Amino acid sequence: MRTILLFNCVVITFFSLLSVYNCVPTSKSDRKSSAKQSSKTSSPPKQKLILILADGVRYDYINDPTLKGFKRMARTGVRAEYVRPIFPSNSYPNWYTIVTGKYAESHGMVQNFMYDFEKNDTFLMWPHSNASHPHWWEMAEPLWTTAEKQGVKTAVYWWDGCQIRIKNTEPTLCLEYQSFWTWPNVKNDTMEAIDEILDNFESDEWQLALIYYEAVDATGHAFGPESSDRVEAMRDLDEILYHLQEQIESRNLSETVNTVVVSDHGMLMVETENDANKTKIISIEKIIDEHDVIVMLDRGATSMLIPVQGKESKILDDLKKANTSGLRFYDKPNIPTKYHFKNNQRVAPILLVADKGYFLEGFSSHGKTRPISDVLYPGHHGYDPYDVKEMRTIFYATGSRLKHGFVSKPLMMTDHYNLICFLLGIEAAPNNGSWNRVQDMVAESNAHVEYYSSRPACENVGIVFQSSISMIISMAIILILR
Ligand SMILES: [Zn+2]
């Protein structure tokens, strides 16, 4: 009897250990080989997809009744009530979320301006060349890299990052980012890009194309979200979308070409005229001694401080004593978990977050704050996306597998990625998106997205638990029988 029980115990222990072994998350190289294998064994995806990122489109800009391109997309496809950006509601963190489905702490693009404590390197957004160092981008893998690895030829127009060799892969075509302010023909060039993309879709040269469009964000910053320039920029974007849909229809491509139109964040008006609603300026140098700080990374809505060694608690004490209204501050361990932000070495020891109606001004000493420019524009973003509704943005999509005229409940920025991979027919990398939140937009009720790994990492946790319980019970019986 005792021999049988001992044998039983050994067998259970063996399978338990096997389950623990299987539970180890798949390594990057495992995932790579899995992706390669899948492109060899499955037939190439027949669907094509254009992803347009229109920077700085606030969720309510679409209420302009003259926008016929957006209206047409809503009628023939799906849209979301609104999209909540990830924290912080700035461009680079959200751009990388759109193409990875991950939060900032997981994809590593934690701010437009950041410092890597392991590489001793500072990220300064375009046009600084530091932003093109591959290590900034390699904590995750963007959609264009994943697609190319699975044999999907991808063209990327003006989306920053496409010029970088990420994980040894480059897109088939990359036109580097160009500033809106030095690009008078941006609208026409974008329309021509669409024609070029559809030509290449028709000839089966490309299957995926990404376009970045900056005009709405640029005018929203420079002239304010309510300005006529911003309204005109939105109407230009609308004409581009209308042109895209006309082309898809006239070329008879509706069954194979999917379109996804997204944005990264909204925009809040910085009020300088009206005394009643005037934006209050918080001057950081009136609260903190600049000699205690190595550098302040970004300003306005969300900022990170790198203290001089040994000065962190003094800075926190000064912030506490000042008790400045409209300013929240956190030491790194106490950053709210819901931001999905703190668990990354690029997050500095102190985080500052200004409330709506406040603007955090950097240090006046040259170079103490990055960026160096201290111009106060009439439009700003970067505010807490959980509190400030003006940070919300848009999502539209059309495709043969999507419903028509459907309005989805609000999405998170992390959600787009799974739907894009599904529509394109490629395997998604593991991510933070929710399939539950996007599946209502899909016409088929049993649709699902495939992941790199055929089995989700750690799905055997339940088996491990049950086996361990069996083992404990067996050992207890042995002890009783002794
Ligand atoms: Zn942006």
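Colleague: What follows H11, and what is its phi like?

Modeller: H11 is followed by Gly-425, which has a positive phi, near 80°. Helices here are DSSP runs of H or I with at least four residues, strands are E runs of at least two, and both are numbered from the N terminus. Bear in mind that this is a predicted model: local features need pLDDT of at least 70, side-chain atom pairs count only at pLDDT 80 or more, and totals for chains, interfaces and linings use all residues. Residues are numbered from 1 along each chain as its sequence is written.

Colleague: And H11 itself, how many of its residues are buried?

Modeller: 9 of the 9 residues in H11 (residues 416-424) are buried, so the helix is largely enclosed by the rest of the structure. Among them are His-416, Asn-418 and Cys-421. Buried means 20 or more other C-beta atoms within 10 Å of the residue's own, exposed means 12 or fewer, and partly exposed is in between, with C-beta atoms placed from the backbone.

Colleague: Which residues have the most contacts inside the largest nonpolar core?

Modeller: Leu-53, Ile-211, Leu-237 and Ile-420, in a core of 119 residues. A nonpolar core is a set of buried Ala, Val, Leu, Ile, Met, Phe, Trp, Tyr and Cys residues joined through C-beta atoms within 7 Å. Ile-420 is also one of the buried residues of H11.

Colleague: What does Ile-211 contact?

Modeller: Leaving aside neighbours within four places in sequence, Ile-211 contacts Ile-50, Ile-52, Tyr-157, Trp-158, Thr-190 and Ala-193. Contact means C-beta atoms, placed from the backbone, within 7 Å.

Colleague: Switching to Val-83: buried or exposed?

Modeller: Buried, because 29 other C-beta atoms lie within 10 Å. Val-83 lies in strand E3 (residues 83-84). Met-412 is 329 residues away from Val-83 in sequence, yet their C-alpha atoms are 5.4 Å apart. Val-83 also touches residues including Arg-392, Phe-395 and Pro-410.

Colleague: What's the strand order in the open sheet of 5 strands?

Modeller: E14-E15-E13-E12-E17, with mixed pairing. E14 (327-331) and E17 (369-370) are the edge strands, each pairing on one side only. Two strands pair if DSSP finds at least two bridges between them. E13 (residues 302-307) and E15 (residues 350-354) pair antiparallel over 4 bridges, and Leu-305 stands opposite Ile-350 in E15.

Colleague: Where does pLDDT stay under 50?

Modeller: Over residues 1-45, for one, which have 55 contacts beyond four places in sequence. Residues 454-482 are below 50 too, with 37 contacts beyond near neighbours in sequence. pLDDT is the predictor's confidence in each residue, from 0 to 100. Where it is low, the predicted coordinates should not be read in detail. The chain's mean pLDDT is 87, and 84% of its residues reach 70 or more.

Technical notes
Two residues are in contact if their C-beta atoms, placed from the backbone, lie within 7 Å.
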